[in-house]
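Please open the model in your viewer and keep the selection panel at hand.

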Amino acid sequence: MTTIRLLSATGEVTDTPLAEAGAYTRPTQPLASRVAYAAAHVVPKVHADNTPGRPADIDWDATLAFRRNVYSWGLGVADAMDTAQRNMGLDAAATRELIARSAEVAREEGGSVVVGVNTDHVEDPHIPLDRVIDAYVAQLHFAEEQGAGPVLMASRHLARAAESAEDYVRVYDAVLSRATTPVVLHWLGTAFDPELAGYFGAADWQTASRTLLEIIGGHPGTVSGVKMSLLDAESEVSVRERLPEGVRMFTGDDFNYVGLIGGDAVEEGRAAREADRAAGADGVSSRSARSTTGARSTTGGGHSDALLGAFAAITPVASAAIQALDAGDPARYREILGPTEALSRQIFAAPTFYYKSGVAFLSWLNGHQPAFQMVGGLHSARSLPHLSRIVELANDALALEDPGLARERWHGMLRLNGIEAGADA
C-alpha cells in the first residue's frame with residue numbers, strides 16, 4: 001500500500017493511504033445546469049525576484065496553460081481578481097497584460113472569461129469620488145475592449161472615500177451607466193480584505209444588501225449577476241431571493257458552496273435520504289421524517305451559480321459534480337463535491353486572504369506549474385502543517401490529479417525542510 005506522509009501542528013509525523021485519482025472525465029458538451037467560473041491564480045517565473053513590492057514577473061506559459069486546462073473541463077475563467085493577487089502583489093501593468101492575454105486564450109479555446117475591474121491602478125490611496133468613477137471606467141472600458149466580461153470589484157478607494165450609502169449608489173450608477181456590456185458586481189467581505197469594512201455603506205449585511213439591490217434594480221439589463229464573497233450562506237440566500245429576474249447569483253462562498261450551488265433539488269434529496277435512514281433506524285415513517293428534515297434546508301429558493309477560487313483548486317472535481325447535475329443525479333453531485341468543502345475551508349482558513357497560497361500549492365502538486373512560487377513571495381504565507389492538512393484533505397476529496405506526482409513533490413518539500421519522508425518516496 002502506498003502512503004503519503006503528513007505533518008501535524010505539533011510536529012508529529014504520520015502516514016495515510018494515498019488514494020487513487022478520481023475517475024473523472026472531461027465533458028463532451030457544455031455544462032448546462034450551472035454557470036461556473038474558476039477564479040484563477042498567476043504563476044511567476046521561478047527565477048524572478050518574487051519578493052514583496054517587486055513588479056510581478058509572470059510565467060505566461062504556465063499561467064495561460066492553467067487557464068486552458070480549466071476550459072478543457074468545461075468551466076469558465078474568472079481572471080485578474082483577488083485569486084490572481086489583486087492588491088496582494090499583482091501590479092497594474094501585469095494586471096492589464098493578464099487581462100489581454102487571458103481574453104485571447106478564451107477566444108482561442110472557445111471559453112468564457114470574466115475579469116476584475118477595479119481602481120487599483122491609481123497609486124494615491126485617497127482620491128475623491130469623481131476620480132474613483134474615472135478609475136473604474138478606465139478599467140471597465142479596457143476589459144470591454146479585450147472582449148472580456150467585466151466584474152466590478154469592490155474598491156478600496158471607494159471604501160475610503162464614501163461617507164454614506166448614497167455615495168456608493170452615486171459611484172456605481174455613474175460607472176454602470178457607461179458600461180457597454182453586461183456587468184457582474186462583486187461584494188467582497190472583510191475576511192478577504194479588511195480594508196473593505198462597511199462596504200455599501202453599512203457594517204451589517206442586511207443594511208448593505210439593500211444598497212446593493214438598489215444599485216442592481218437601477219440598471220436592468222446592465223447588471224447580469226452578483227458575486228457574493230461574505231462566507232455567509234444566509235446573506236447570500238437572502239440576496240439571491242430578492243434579485244430581479246435575469247440577474248444571477250454567483251456564489252463566492254468557499255465555505256458553503258456545495259449546498260448553495262446544489263440548491264433545492266440537492267438539499268431536498270439529501271433530506272429525503274436522511275429521513276429514509278432515520279425511518280430504517282427507529283421505525284418513523286419516511287414521509288413524517290422528511291417533513292421535519294426537509295424544513296432545515298439553508299439554500300432557499302433556487303440555486304447559486306459559481307465564481308470561486310476554490311474551483312481553481314479542484315477543477316476536475318467541480319466539473320464532474322456539475323456533470324452529475326446535468327445528468328439529473330443530485331445525489332452523485334453531493335457525493336463528488338461534498339468532500340471538497342472541508343478542503344476548501346482549510347485553504348480559506350483565517351487569515352482568509354492568504355488562501356491564494358493554497359490554490360498555488362495544489363496547482364504545483366497537480367503538475368500545473370514547475371515550482372511552488374508566488375508573486376510577492378506569498379508562497380511563504382502558510383505553515384508546513386497547514387499545507388500538510390491541505391494534502392490530507394485533497395487526498396480524501398480525490399482532488400490530487402496525479403497522486404504519485406503529488407506525493408513525490410510533497411515528500412521532496414518535507415525533505416527540504418528536514419523532515420524524512422520515507423525511503424520509498
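Begin by selecting Y172, L185, Y199 and F311: of the 128 residues in the largest nonpolar core, these touch the most other members. A nonpolar core is a set of buried Ala, Val, Leu, Ile, Met, Phe, Trp, Tyr and Cys residues joined through side-chain atoms within 4.5 Å, where buried means under 20% relative accessible area with a 1.4 Å probe, protein chains only. Next, colour helix α3 (residues 129-146), which contributes the largest share of this core, 9 residues; helices are DSSP runs of H or I, at least four residues, and strands are runs of E, at least two, numbered from the N terminus.

This is a predicted model, in which local features need pLDDT of at least 70 and side-chain atom pairs count only at pLDDT 80 or more, whereas totals for chains, interfaces and linings use all residues. Residues are numbered from 1 along each chain as its sequence is written, and side-chain values use heavy atoms, with hydrogens and water left out.

Now centre on Y172. Leaving aside neighbours within four places in sequence, Y172 has contacts (heavy atoms within 4.5 Å) that include Y136, L152, L185, Y199 and H219. A second, separate core of 10 residues can then be selected through A78, V114, V151 and M153, which are among its members.

Terms used
Buried < 20%, exposed > 50% of the residue type's maximum accessible area, 1.4 Å probe, protein only.
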